[in-house]
Amino acid sequence: MGAKGCRRLSGTGRGTRVSLSQDPMKYVSLGYLEPGKFENMSESERNTVLDECFSYNDELRKNRHLVAEEPLQPANTAVTVSWKNGKVAVTDGPYAETKEQLGGIQVLEARDLNHAIQLISQSPGVKLQCGTIEIRPAAEIKEMMRESERRQRKDTSR
């Protein structure tokens, strides 16, 4: 770890194909944008960022690292659904009041967390300082589903 908890990375360069001979792990990257940063860029700057990001995502896909990606509409289009006083409550706006707003998600396959960090750190969005990207390991849902099915079978066998 470097200053202020930042990791220094060495490793594969852009476009390097990495062997995933062992089962790859899934990581979800959440891209946060500073409000106004993208909107205040010139059209030429926005196009450059988008073109570079799409080109890098094509590389990730080609090398079987990018499983899925979805950009999000602006935070002011969000609604939050919760349960209050015995019924569903819908509130306009995002759940968290934060400076940065979630702009999109990607699902990656990587050997481990360090590999996922290497892949994301090469993203033009990071290098062009468009915002911050949070990376989280995905939970293994298949085992959770099997456990749920076992519990449900037990409940119906009574």
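1. Q129 counts as exposed, with a relative accessibility of 55%. In this predicted model, Q129 is placed in the loop between α3 (124-127) and β6 (131-137). The backbone of Q129 also deserves attention: its phi is near 55 degrees, a positive value in a residue other than glycine. The label "exposed" applies to Q129 because its 55% is over the 50% cut-off.

2. N85 is not a glycine, yet its phi is positive, at about 55 degrees. N85 belongs to the loop between β3 and β4 (87-92). The relative accessible area of N85 is 81%, so N85 is classed as exposed.

3. Is T80 buried or exposed? T80 has a relative accessible area of 17% and is therefore buried, since the limit for "buried" is under 20%. The side chain of T80 makes a polar contact: it reaches the backbone oxygen of G93 at a distance of 2.7 Å. When neighbours within four places in sequence are left aside, the residues in contact with T80 are A89, V90, T91, G93, P94 and Y95.

4. V90, one of the contacts of T80, is found in strand β4. In contrast to the buried T80, V90 counts as exposed, because its relative accessibility is 56%. V90 is also part of a nonpolar patch on the surface, which it forms with V79, V81, W83 and V88. Together these residues have about 550 Å² of accessible area.

5. Which strand gives the largest share of the nonpolar patch? That share, 3 residues, comes from β3. Both β3 and β4 supply at least two residues each.

6. At the N-terminal end, α2 is capped by D112, which has a side-chain oxygen 3.2 Å from the backbone nitrogen of N114.

7. With β5 it runs antiparallel, and 9 bridges join the two strands. In this pairing, M25 stands opposite A110 of β5. The pairing of β1 with β6 is also antiparallel and extends over 7 bridges. Here Y27 faces P137 of β6 as its opposite residue.

8. The overall arrangement may be stated last. The protein has 4 helices and 6 strands, and their order along the sequence is β-α-β-β-β-β-α-α-β-α. The chain has 158 residues, of which 24% count as buried. Among contacts between residues at least 6 apart in sequence, 75% join residues at least 24 apart. The accessible surface comes to about 11600 Å², and 52% of it belongs to carbon and sulfur atoms.

Technical notes: Residues are numbered from 1 along each chain as its sequence is written. This is a predicted model: local features need pLDDT of at least 70, side-chain atom pairs count only at pLDDT 80 or more; totals for chains, interfaces and linings use all residues. Side-chain values use heavy atoms; hydrogens and water are left out. Buried means under 20% relative accessible area, exposed over 50%, partly exposed in between (1.4 Å probe, protein chains only). A polar contact is a pair of N or O atoms within 3.5 Å; within protein, one must be able to donate a hydrogen and the other to accept it, and residues adjacent in sequence count only if both atoms are side-chain atoms. Contact means heavy atoms within 4.5 Å. Patches are made of residues with over 30% relative accessible area and no salt bridge: like charges are joined within 9 Å, nonpolar side chains (Val, Leu, Ile, Met, Phe, Trp, Tyr) within 5 Å. Accessible areas come from the Shrake-Rupley method with a 1.4 Å probe; for residues, only the protein chains shown count as cover. A salt bridge is a side-chain nitrogen of Lys or Arg within 4 Å of a carboxyl oxygen of Asp or Glu. Two strands pair if DSSP finds at least two bridges between them.
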